[in-house]
Amino acid sequence: MEAAPNIQETETTVPTRDLTAITVVAESMYGDFEQAMDHLRYRLIATRNPEEIRGGGLLKYSNLLVREFKPASETEIKTLERYMCSRFFIDFPDVNEQQRKIESYLRNHFIGEEKSKYDYLMTLRRVVNESTVCLMGHERRQTLNMITVLALKVLGEQNIIPNTTNVTCYYQPAPYMADHSFNNYYIAHGQPPLFYQPYPLHIHMQTGLV
């Protein structure tokens, strides 16, 4: 009969690392670290030289507003908003570029927060509407309409229909309506006349959609 081998069990001790010795280094791009920490604690928004940041920090700023952060200085924020908008439109001058950037931001920063997207877009629209001074009138309208369409698309994806009491619809009449000899409508005597406004289809809401 073969004898069983003599096996001696030994314990191996793995040295443990003292976790308390780990040092974390944090840097504040704001400049004053303690002041930056106060901004986080009290949910305040403060930035320096947004015109030096790619995109001006406009999309991030609107995101913080939606998350109920407040400007650290109400007197300075309007000036900073203008700088944010100016830099954003310098970096993204074409409305298609602007749309791609906004859609990318929504995908990356609102994961699982579908209901917040509409509030974000309307906040962004308000800031652009109130603080943009660097665009021509038609360029500004293009950007505002683009953000409006994105907001309506978000509502559609959530099957949310705006309150119709706050909605006014305009439409573009057919070309033949310019011919005053054409009359395909019967208007009863005493009824007020019908007026056709030559505006393209758009929606105006009290929340700011145009």
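Colleague: In which helix is Ser62 found?
Modeller: This is a predicted model, where local features need pLDDT of at least 70, side-chain atom pairs count only at pLDDT 80 or more, and totals for chains, interfaces and linings use all residues. Residues are numbered from 1 along each chain as its sequence is written, and side-chain values use heavy atoms, leaving out hydrogens and water. Helices are DSSP runs (H or I, at least four residues) numbered from the N terminus. Ser62 is found in helix H2.

Colleague: Does Ser62 count as buried or exposed?
Modeller: Buried means under 20% relative accessible area, with a 1.4 Å probe and protein chains only; exposed means over 50%. Ser62 has 0% relative accessibility, so it counts as buried.

Colleague: Which residues is Ser62 in contact with, leaving aside neighbours within four places in sequence?
Modeller: Contact means heavy atoms within 4.5 Å. With those neighbours left aside, the partners of Ser62 are Tyr120, Thr123, Leu124 and Val127.

Colleague: At what angle do H2 and H5 pack?
Modeller: Axes are lines fitted to C-alpha atoms over the stretch in contact, and angles run from 0 to 180 degrees between N-to-C directions. H2 covers residues 58–66 and H5 residues 114–131, with axes 9 Å apart. Their packing angle is about 120 degrees.

Colleague: Which residues of H6 are buried?
Modeller: Helix H6 spans residues 137–157. Its buried residues pack against H3, H4 and H5. They are Thr143, Leu144, Met146, Ile147, Thr148, Leu150, Ala151, Val154 and Leu155.

Conventions
Helix = DSSP H or I, 4+ residues; strand = E, 2+ residues; numbered from the N terminus. Expected span 1.5 Å × (residues − 1).
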